Amino acid sequence: MSSKDKSKFKMFLKTTKSAGAAGERTLRPEFENELRPEQPIAQRCKMLKELGDQHLHNINLDETAITKLWHLTNDLIVPNKPAETRQIALSFYKRLIHTQYKSLTLMREKFFLVIQNHEAHEDLRHLLELLDTLTENGKDITNFEEKIGKFMLLWIPAITDASLLCPYLDMLVNLIKFNAAHLDKDILVGIVQNACELSCTVADDDTGLQCLTILELVIGYTIFPSETLHLCIVTLCRTVNHARYCQASFKVCPGIICTH
């Protein structure tokens, strides 16, 4: 066989292998065995990294297999596990959601509840990234439409303390744009109150501008809550005198006038 023929044969084998992997719908037994809770944690974490980095993008699991992966690994994210172990598992879930997004239905709510109920503060950045992936940066909240608004409000103090406001507010912008119908009045009141407070107190101008964008979106995409009108006007009277905020503040003002 000539070198050219050998090259073609190798390419054929590679293509055939990839096509076969892409058709996989169930979890391979060797993966399952390596991830079982009775295995050493270091071994399980190594398997998670390998599965996430080398295999998930080549396979198309059904939700039964995804659920099985969850049951095999959810003990790794409990508070008494080392931070490194928890974060490896959370990173794996992020990769799992990203690569198997179209297969997720009921597991969407399960992953949301993981984020909502997780208690280890040092994992906050990983949880925010996980929510970003699960919602496509705030655009898709299927199966937890009634829960996410309140959760996002309750999350603000921890997000602020962890200096994660910028990615959080990016997600909140899309949440309002694409899911305004699912945000109840009390949630909108909380969003406006926090946006007003942050726009006047944060040191980072870009974050302040994000808050003004949120005010503009609440006015444009929802029924603006009258309870927050006075606070919003006071805020705009302050921000309009800030050089970086002036133009953004003027963009919000016509909406306030037209709304009320």
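Residues are numbered from 1 along each chain as its sequence is written, and side-chain values use heavy atoms, with hydrogens and water left out. Because this is a predicted model, local features need pLDDT of at least 70 and side-chain atom pairs count only at pLDDT 80 or more, while totals for chains, interfaces and linings use all residues.

**View A. Packing of helix α6 against helix α8.** Two packed helices are described by the angle between their axes and the distance between the axes. Helix α6 (residues 106-117) and helix α8 (residues 148-161) pack at an angle of about 25°, and their axes lie 11 Å apart. Helices here are DSSP runs of H or I with at least four residues, and strands are runs of E with at least two, numbered from the N terminus; axes are lines fitted to C-alpha atoms, for helices over the stretch in contact, and angles run from 0 to 180 degrees between N-to-C directions. The angle makes α6 roughly parallel to α8, a term for angles under 35 degrees, where over 145 counts as roughly antiparallel, 65 to 115 as roughly perpendicular and the rest as oblique. On the α6 side the contact (heavy atoms within 4.5 Å) is made by Phe112, Ile115 and Gln116, and on the α8 side by Ile148, Phe151 and Trp155. By class, the residues of this contact of α6 with α8 are five nonpolar, one polar and no charged; Ala, Val, Leu, Ile, Met, Phe, Trp, Tyr, Cys and Pro count as nonpolar, Asp, Glu, Lys and Arg as charged, and the others, Gly among them, as polar.

**View B. Packing of helix α4 against helix α6.** Helix α4 (residues 63-73) packs with α6 at an angle of about 25°, with the axes 10 Å apart, and α4 and α6 are therefore roughly parallel to each other. The crossing of α4 and α6 is left-handed. From α4, the residues Glu63, Ile66, Thr67 and Trp70 meet Leu106, Met107, Lys110, Phe111 and Val114 of α6. The contact of α4 with α6 divides into six nonpolar, one polar and two charged residues.

View C. In one of them Glu129 pairs with Lys94, the closest N and O atoms being 3.5 Å apart; Glu129 lies in helix α7 (residues 124-134) and Lys94 in helix α5 (residues 83-99), so the pair ties together parts that are 35 residues apart in sequence. Glu129 is partly exposed at 32% relative accessibility, and Lys94 is likewise partly exposed, at 31%, where buried means under 20% relative accessible area, exposed over 50% and partly exposed in between (1.4 Å probe, protein chains only). Another salt bridge joins Lys147 to Glu109, with the closest N and O atoms 2.8 Å apart. This pair links distant parts of the chain, since Lys147 is in the loop between α7 and α8 and Glu109 is in helix α6, 38 residues apart. Lys147 is partly exposed, at 32% relative accessible area, and Glu109 is partly exposed, at 27%. Elsewhere, Glu24, Arg28 and Glu30 are linked in a network of salt bridges.

**View D. The surroundings of Lys185.** Lys185 forms a salt bridge with Glu227, and the closest N and O atoms are 2.9 Å apart. Lys185 lies in helix α10 (residues 185-201) and Glu227 in the loop between α11 (205-221) and α12 (229-239), so the pair ties together parts that are 42 residues apart in sequence. Lys185 is partly exposed at 49% relative accessibility, and Glu227 is partly exposed at 49%. Leaving aside its neighbours within four places in sequence, Lys185 is in contact with Pro225 and Glu227.

View E. Asn179, in helix α9 (residues 165-179), is buried, with a relative accessible area of 8%. Not counting residues up to four places away in sequence, Asn179 touches Gly138, Lys139, Asp140, Ile141 and Asn174. In the loop between α7 and α8, Glu136 has a phi near 50°, a positive value in a residue other than glycine, and Glu136 is partly exposed at 44% relative accessibility. Asn137, also found in the loop between α7 and α8, has a positive phi of about 60° although it is not a glycine, and Asn137 is partly exposed at 23%.

Terms used. A salt bridge is a side-chain nitrogen of Lys or Arg within 4 Å of a carboxyl oxygen of Asp or Glu. A crossing is left-handed if the near helix is turned anticlockwise from the far one by less than a right angle, and right-handed if clockwise.
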